[in-house]
Amino acid sequence: MNHKFADLHIHSLFSDETMSPEEVIAKAAEKGLGLIAITDHNVLEGSREILKLNDEKELLLISGVELDALDRGKNLHILGYGMDLNNERFREFTKKNRLLFESLDERLIVRMQREYNNISLEEYLHYHYDRKNGGWKALHYFVEKGITSSLTAGFEFYSKYELSFDCIEFPSVSMVCNHIHSAGGKAILAHPGRVIKVAERNDFKREITRLINLGIDGIECYYPTHSHEVTEDCLSTCKEHGLLITAGSDCHGNFGKTEIGEMEIPISWLNLGDILSHNEVSKFTT
């Protein structure tokens, strides 16, 4: 199993990906992966579904989610692994985070409806779209109303109307970690090279260390846009502090630029602690 690859950061159509859990498993098997997790944005359904599925290839599946947090006015993502997905407190916490997540689009619609007379918040709240096309609700709504010609064209409205996830009062990093821990899981800092913007490598490591002290159990060291230096610094920090080491493509199917398992990181390169021994791990074999 260790010679196979791992990808612990995959999204599904339950958030903003284009693939179903069944399609994720098929693609993972095709790519020769041996360990995967669906980590949808503040949603547990994708992870719950994939843990129920069987597969023709040997494949380890662990529960996962990607939760938004706010730290010093900046939006950060915390990956949770190995949680008990039936933990009611954790499920409620995730649902509340999803409502906060979706409130950004509602704020955007409120601002836009002052200039576009063919949209309204009331109509938007009752709007439904085909999740298999990826993206999220607001992007589809803009296309449906003829405001944009493509999903990605809707991105520009967030900056135009001065809105970002930094504006949302997500829970603190420590609170997110506490809820992951209370459900028996481990909290991993997602793609630090994307969100920690500093000029010096020492400053980068200091910032990671500060976040670790808030309850982080590990770091997503291997990530498609991480430079060699960022990967090295993440790995050395994990080894110094005895932290978990994970890898993820952050695949969003046809809606994104990365593919499942594209980095080909062997499972043996990771440090997953006792995650693989948790109850929320499923192993499917022929």
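Five strands make up an open sheet of mixed pairing, arranged in the order β4-β5-β6-β7-β8. The model described here is predicted. At the edges of the sheet stand β4 (64-71) and β8 (244-247), each of which pairs on one side only. Direction ignored, neighbouring strands of this sheet are turned by 40° against each other on average.

## The sheet and strand β7

Strand β7 is mostly covered, since five of its five residues are buried. On one side, β6 and β7 run parallel and are joined by two bridges. On another, four bridges join β7 to β8, and these strands also run parallel. Ile219 of β7 stands opposite Leu189, and the bridge partner of Ile219 in β8 is Ile245. Gly218, for its part, stands opposite Leu244 in β8.

## Helix α7 on the sheet

Which strands does helix α7 touch where it packs on the sheet? Helix α7 (residues 173-182) touches β4, β5 (74-81) and β6 (186-189), and its direction makes about 155° with that of β4. The buried residues of this helix are Val173, Val176, Cys177, His179 and Ile180. Seen down the axis of α7, these buried residues fall within an arc of 160°, so they line one face of the helix. Just after α7, Gly184 takes a positive phi of about 85°.

## Leu100 in helix α3

Leu100 is found in helix α3 (residues 88-112). With a relative accessible area of 29%, Leu100 is partly exposed. Residues up to four places away in sequence not counted, Leu100 touches Ile168, Glu169, Phe170 and Pro171. Ile265, by contrast, is 165 residues from Leu100 along the chain, and the C-alpha atoms of the two are separated by 33 Å.

## Aromatic pairs and a charge over a ring

A search of the whole structure finds 12 aromatic pairs. In one of them, Tyr222 and Trp269 form a tilted pair, with 5.8 Å from centre to centre and 45° between the planes. Tyr222 lies in strand β7 (residues 218-222), and Trp269 lies in the loop between β9 (265-266) and β10 (281-284), so the pair ties together parts that are 47 residues apart in sequence. Are the two partners buried or partly exposed? Tyr222 counts as buried because its relative accessibility is 13%, below the 20% limit for burial. Trp269, at 47% relative accessibility, counts as partly exposed.

Ring pairs also link Tyr116, Phe142, Phe157 and Tyr161 into a cluster. Elsewhere, the charged end of Lys137 sits over the ring of Tyr124, 4.6 Å from its centre.

## Positive phi in loop residues

Most residues other than glycine have a negative phi, and most peptide bonds are trans. Where do His191 and Asp250 lie? His191 has its place in the loop between β6 and α8 (192-195), while Asp250 lies in the loop between β8 and β9. Each has a positive phi in a residue other than glycine, near 25° for His191 and near 60° for Asp250. His191 counts as buried at 1% relative accessibility, and Asp250 is buried as well, with a relative accessible area of 7%.

The table sets out the accessibility of residues discussed above.

| Residue | Relative accessibility | Class |
|---|---|---|
| His191 | 1% | buried |
| Asp250 | 7% | buried |
| Tyr222 | 13% | buried |
| Leu100 | 29% | partly exposed |
| Trp269 | 47% | partly exposed |

Definitions and conventions: Residues are numbered from 1 along each chain as its sequence is written. This is a predicted model: local features need pLDDT of at least 70, side-chain atom pairs count only at pLDDT 80 or more; totals for chains, interfaces and linings use all residues. Side-chain values use heavy atoms; hydrogens and water are left out. Rings of Phe, Tyr and Trp (its six-membered ring) pair if their centres lie within 6.5 Å; planes under 30 degrees apart count as stacked, over 60 as edge-to-face and the rest as tilted. Buried means under 20% relative accessible area, exposed over 50%, partly exposed in between (1.4 Å probe, protein chains only). A charge sits over a ring if NZ of Lys or CZ of Arg is within 6 Å of the ring centre and within 35 degrees of the ring normal. Two strands pair if DSSP finds at least two bridges between them. Axes are lines fitted to C-alpha atoms, for helices over the stretch in contact, and angles run from 0 to 180 degrees between N-to-C directions. Contact means heavy atoms within 4.5 Å. The arc is that of the directions from the helix axis to the C-beta atoms.
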